[in-house]
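Please keep the sequence and the structure in view while reading.

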Amino acid sequence: MPRNDRSGVPGGGPLSRKDAVVRPRVGASWRWVGCIAAVAALAGGAAGEAEAQKGRGWVGSSAQLVDMRPVQRVAATCPSDAPCYTSADQELAVVANQDLFFTAWGLGVQGLSATVQLRARQRVAGAFEWPRADDPFDAMLAYAALARGELTVRVGRQEVRSGLGFPSFDGGMVRWSRPRIRVEAYGGRSLARGLRDPAHEALRGLEDFLPDQSVYLVGASARGRISALSMTARYHREILADRSGLASERASLDMSWSSSVGTLRGSLDYDVARREVGKGHLTLSRPFDGARGMIEASAARYVPYFSLSTIWGLFEPVAYTEGTVRVGWAPRDAWRVEGSVGVRRYGAAGTTVVLRPLEDSGRRAGLEATWTPGDAWSAGVSYELEWGPGGYLSSGETRLAWTPSDDTFVTISARTLQQIEQYRLGDGRAWGGGVSAGTQLTDRLSFRGGYSVLRHRYADDGGDRPWSQNRGWSSLRVTLGEDPGLSGRRGGQR
C-alpha cells in the first residue's frame, strides 16, 4: 500500500510470500517464562511487609484478518508477449495476539522496579503463512531496574532506541544522569532485529551465510545540553561469540537546536567497520504568519545497511540523496493546507549499461487539506504523486472522522491508487475504503476495530486482480494497576 494508507491495520500494505519465510526457534524464548516467574517470586518475597507493591500496565488481545490474491510466476522463462506473473488462488489468514505489558515497583528495595512485555501468537484460520505466526511466544522486554539518585542499573531483556536502529539484547545497562548530561553503557547477547531471538537461531533457514553462533553487543552513548543545543553521540559494536570477527561496528551523532528563529535538527551515522558514512539528515523548521504556518526544508542521505555477517553487503547497495520542502498553513481556524515537493538522486549503480543510461533521479509531490468545523468532526483529502527510476505512483485519499469525546472515534476513508512498473497495477487502478472505530467502554476496558477493502481492476475486463484484498482487525485492552499521575482523576484507578 502507499504511504498514505491509513486503514488502521497494523503492518501497512499487501503481504507477499517472502514476508513469511522467517521461522525462528522458540526454545530460548520459553526459558524466559521461568526467568520472569523467578524474578517475580524473589521480588515478592523481598518486599515482605516493608512496602505495598504497586504496578501499572495493560493486557490486550488483538486479531487480524487478511483475504488476498497473491502473485505467482507463470514459468521460469517468459516470452516477450506474455506476462511472467498471474493471480494465484485467493488465500485467507486469521491470526491473534495476546500481549501483556506491566511495570511493578514497591518491591521492598528503594528504587527497584521490574518490567515485562510478553506476546503470545496463534494462527486461528487460513493457509496463508502470516509472518511469525509459527512463533507462539516472545518476551519482548523482561528486565529489572534499580534507580538510586543519578545512577540507574538495568538487567535483563531490553531495547535501545537510537539512530542506529532498535537493537535488542539480553544483558545489562548502566546510566548516569544529571540535568544537562547523561552517559550510559550497555552490553549483552545481541538479538536479531525485530525478532527478539538470538541471531543465529532466528534467521536460520533464511540466511545461509550467517555464522552458527551467538553475537554479543557492547555500546555506549553520551548526551549533553548547552543552552538551546542538544547533542547525543552513540557507539556500538557487535562481536561474534568466538571473537573471530565483527558483525557490526557503527557510531552516530544526533543534534537539535531551537531558537526564536526556528528549529534545526540533524543526525549522521558512520559505519566504522567499512569506514563509510551512512544515512543522515539536516532539517530546518521555521514558523510564519504568527505561528499559523510552518515551513520546513530538509536534506537527507540514505544508504541501506547490512551486517558484516551477511553476504548482502557485498552487492554495494546504492545510496541516494534527497531534498524536500514542506509548507503547512492554516488560513482560518477550521482549515489547514499542507504541500510538499521533493527531489531524489541515486548514486552510481556499479553495473554495466548496455542499451541506455540508467535513470538516477526521482521526484515526488503531495498536497493535503483538512477541515475541522467543530470539536467532534473533521474531514480531509490528500493526493500524492511520485516518479522514480522504474516506477510511478499516483495515490489519493479522503476521510471523515467523528470524535465526540477523547475516548470515542469513528473514521471512514476511501482511497485509490495506480502504480506502474515495480509491483505494478498495469493499466488498471485499485479502489478501496474502510471504517475504523474505538471507544473506552469503562475506565479500564477499551476497544478498537476496523475493516477495509481494496479492489484492483484492469481497464479491459474489470476483473479482480492480485491487489484485491479484505482486511479486518480488532483490539481489546484492559488497564491494570494504578497510575500515580491519574490520582484524583475519575476517582483514581484502583
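In which sense do β6 and strand β7 pair, and over how many bridges? β6 and strand β7 (residues 151-159) pair in the antiparallel sense over seven bridges.

The model is a predicted one, in which local features need pLDDT of at least 70 and side-chain atom pairs count only at pLDDT 80 or more, while totals for chains, interfaces and linings use all residues. Residues are numbered from 1 along each chain as its sequence is written, and side-chain values use heavy atoms, with hydrogens and water left out.

**Strand pairing**

Strands are DSSP runs of E with at least two residues, numbered from the N terminus. Two strands pair if DSSP finds at least two bridges between them.

**The largest nonpolar core**

A nonpolar core is a set of buried Ala, Val, Leu, Ile, Met, Phe, Trp, Tyr and Cys residues joined through side-chain atoms within 4.5 Å. Buried means under 20% relative accessible area, exposed means over 50%, and partly exposed lies in between (1.4 Å probe, protein chains only). The largest such core has seven residues, namely Val66, Met68, Ala93, Val95, Phe128, Trp130 and Ala133. The elements that give two or more residues to this core are β1 (54-68) and β4 (91-105). Contact means heavy atoms within 4.5 Å. Beyond its neighbours within four places in sequence, valine 95 is in contact with several residues, among them Gln64, Val124, Trp130 and Ala133.

**Lysine 54**

Strand β1 also contains lysine 54. This lysine counts as partly exposed because its relative accessibility is 46%. Not counting residues up to four places away in sequence, lysine 54 touches Thr103, Ala104 and Trp105. Lysine 54 and leucine 107 are 53 residues apart in sequence, and their C-alpha atoms are 8.2 Å apart in space.

**Aromatic rings**

Rings of Phe, Tyr and Trp (its six-membered ring) pair if their centres lie within 6.5 Å; planes under 30 degrees apart count as stacked, over 60 as edge-to-face and the rest as tilted. A search of the whole structure finds six aromatic pairs. Two of them are set out below.

| Pair | Centre to centre | Angle between planes | Class |
|---|---|---|---|
| Tyrosine 302 and tyrosine 320 | 5.6 Å | 35 degrees | tilted |
| Tryptophan 335 and tryptophan 371 | 6.0 Å | 25 degrees | stacked |

Is tyrosine 320 buried or exposed? Tyrosine 320 is buried, because its relative accessible area is 17%, whereas tyrosine 302 is partly exposed at 37%. Tryptophan 335 is partly exposed at 39%, and tryptophan 371 is partly exposed at 38%. Ring pairs also link Tyr302, Tyr320 and Tyr346 into a cluster.

**Charges over rings**

A charge sits over a ring if NZ of Lys or CZ of Arg is within 6 Å of the ring centre and within 35 degrees of the ring normal. Arginine 477 lies over the face of tryptophan 58, at 3.6 Å from the ring centre. The charged end of arginine 161 sits over the ring of phenylalanine 166, 4.5 Å from its centre.

Note on methods
Helix = DSSP H or I, 4+ residues; strand = E, 2+ residues; numbered from the N terminus.
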